[in-house]
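Colleague: I'm new to this one. Can you walk me through it?
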Amino acid sequence: MSSNKRHNYKNLKIWQLGIEIANDISDVLIDFPKHERYDLSSQISRCSVSMPSNIAEGSSRTDKSFSHFLDISLGSSFELITQLIVAKHRKYIIETTFQKLELKIEEFQRMTMSFQNGLE
């Protein structure tokens, strides 16, 4: 792929999946305790929004720079799973909800890494 090519982020499956995950997370956070609103809940929300946001921002850059934004997006996805593990331990989310989100995030990670490898 030419390093001068720009990507339309809205057409990227990784961006679309990232948006889906961010929306799923938003739905889950509604049931979190109020005292977590500015702590764990806020961190989880920021991570989930960071995933597609970094893809969108990076898509306007060269492939080398885009790859860096994909790294940030992936980092946010791993951080998100960690925070969901904490939420599950605190019983803010049930096991089945956690597993559904984890599978979707892991799929995002696989797809993003594969896409990133195609840039190099």
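Predicted model: local features only at pLDDT ≥ 70, side-chain atom pairs only at ≥ 80, totals over all residues.

Colleague: Fine. How many helices and strands does the chain have?
Modeller: Four helices and zero strands. Along the sequence the pattern reads α-α-α-α.

Colleague: What box do the C-alpha atoms fill?
Modeller: Roughly 50 × 25 × 20 Å, along the principal axes.

Colleague: And what radius of gyration does the chain have, next to a compact globule?
Modeller: The chain has 15 Å. A compact globule with 120 residues would be near 14 Å, so the two agree.

Colleague: On to packing. What describes two packed helices?
Modeller: The angle between their axes, and the distance between those axes.

Colleague: Start with α1 and α2, then. At what angle do their axes cross?
Modeller: Roughly 165°, and the axes come within 8 Å. Angles over 145 degrees count as roughly antiparallel, so α1 and α2 are roughly antiparallel to each other.

Colleague: Is that crossing left-handed or right-handed?
Modeller: α1 passes α2 in a left-handed crossing.

Colleague: Which residues meet there?
Modeller: From α1, they are Ile 14, Trp 15, Gly 18, Ile 19, Ile 21, Ala 22, Ile 25 and Leu 29. On the α2 side they meet Ser 41, Ile 44, Ser 45, Ser 48, Val 49, Met 51, Pro 52, Ile 55 and Ala 56.

Colleague: How many of them are nonpolar, polar and charged?
Modeller: The contact of α1 with α2 has 13 nonpolar and four polar residues, and no charged ones.

Colleague: Next pair. How do α2 and α3 cross?
Modeller: Helix α2 covers residues 40-58. Its axis and that of α3 come within 8 Å and cross at roughly 160°. That angle is why α2 and α3 count as roughly antiparallel. Their crossing is left-handed.

Colleague: What classes of residue are in the contact of α2 with α3?
Modeller: By class, 13 are nonpolar, nine are polar and two are charged.

Colleague: What about α3 and α4? Where are they, and how do their axes cross?
Modeller: Helix α3 is residues 63-89 and helix α4 is residues 95-119. Their axes come within 10 Å, with a crossing angle of roughly 165°. So α3 and α4 are roughly antiparallel to each other. The crossing of α3 and α4 is left-handed.

Colleague: How do the residues of the contact of α3 with α4 divide?
Modeller: Into 15 nonpolar, six polar and six charged.

Colleague: Switching topic: Asp 24. Which helix is it in?
Modeller: Asp 24 sits in helix α1, residues 13-29.

Colleague: What does the side chain of Asp 24 make a polar contact with?
Modeller: The side chain of Lys 104, at 2.6 Å.

Colleague: And which residues does Asp 24 touch, not counting those up to four places away in sequence?
Modeller: Leu 101 and Lys 104.

Conventions
Residues numbered from 1 in each chain as written. Heavy atoms only, no water. Axes fitted to C-alpha atoms, helices over the stretch in contact; angles between N-to-C directions. Helix = DSSP H or I, 4+ residues; strand = E, 2+ residues; numbered from the N terminus. Parallel < 35°, antiparallel > 145°, perpendicular 65-115°, else oblique. Left-handed = near helix turned anticlockwise from the far one by under 90°. Nonpolar A, V, L, I, M, F, W, Y, C, P; charged D, E, K, R; others polar. Polar contact = N/O pair within 3.5 Å; in protein donor to acceptor, adjacent residues only side chain to side chain. Contact = heavy atoms within 4.5 Å. Rg over C-alpha atoms; globule rule 2.2 N^0.38 Å.
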